[in-house]
Amino acid sequence: MKFSELRRKEVVNILDGKSLGCICDLIIDPCSGQILSMLLPGPFRFAAIFSAESTYCVPWCNICKLGEDVILVKMEPTLPNY
């Protein structure tokens, strides 16, 4: 599957049913070429623009199912930082 195809899929957490958004980037092992993690845009906060805290990092091992339109992941829900 191409990255352009992955980017169009919505990522949903099966533990709380929330949409985490769509993939904005991947972390890849340069030696093996395997995908290690997906990066997703986090919730918008004015003070977090261009911050590393404004993204979710989802390890590849947390993916439960790659569907046609959706990627199901298992992530412990986190409380928002206000």
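This report describes the strands and the cysteines of a predicted model.

**Strands and their pairing**

Four strands form an open sheet in the order E2-E1-E7-E6, and the pairing within this sheet is mixed. Strand E2 (19-22) and strand E6 (63-66) are the edge strands, each of which pairs on one side only. From one strand to the next, the twist averages 20°.

| Strands | Direction | Bridges |
|---|---|---|
| E6 and E7 (residues 70-73) | antiparallel | three bridges |
| E3 (residues 25-28) and E4 (residues 35-41) | antiparallel | four bridges |
| E4 and E5 (residues 55-59) | antiparallel | five bridges |

Ile-63 stands opposite Val-73 in E7. Leu-26 stands opposite Met-38 in E4, and Met-38 in turn has Val-58 in E5 as a bridge partner. E3 and E4 form a hairpin with six residues between the strands. In this hairpin, Gly-33 takes a positive phi near 80°.

In general, the side chains of a regular strand alternate between the two faces of the sheet.

**Cysteines**

A disulfide is a covalent bond that links the sulfur atoms of two cysteines. How many disulfides does a search of the whole structure find? The search finds zero. For Cys-22, the closest cysteine sulfur is in Cys-24, at 9.8 Å, which is too far for a bond, because a disulfide requires the two sulfur atoms to be within 2.5 Å.

The accessibility of two cysteines can also be stated. Cys-22 is partly exposed, with a relative accessible area of 33%, whereas Cys-61 counts as exposed at 69% relative accessibility.

Methods:
Residues numbered from 1 in each chain as written. Predicted model: local features only at pLDDT ≥ 70, side-chain atom pairs only at ≥ 80, totals over all residues. Heavy atoms only, no water. Buried < 20%, exposed > 50% of the residue type's maximum accessible area, 1.4 Å probe, protein only. Pairing = 2+ DSSP bridges. Helix = DSSP H or I, 4+ residues; strand = E, 2+ residues; numbered from the N terminus. Axes fitted to C-alpha atoms, helices over the stretch in contact; angles between N-to-C directions.
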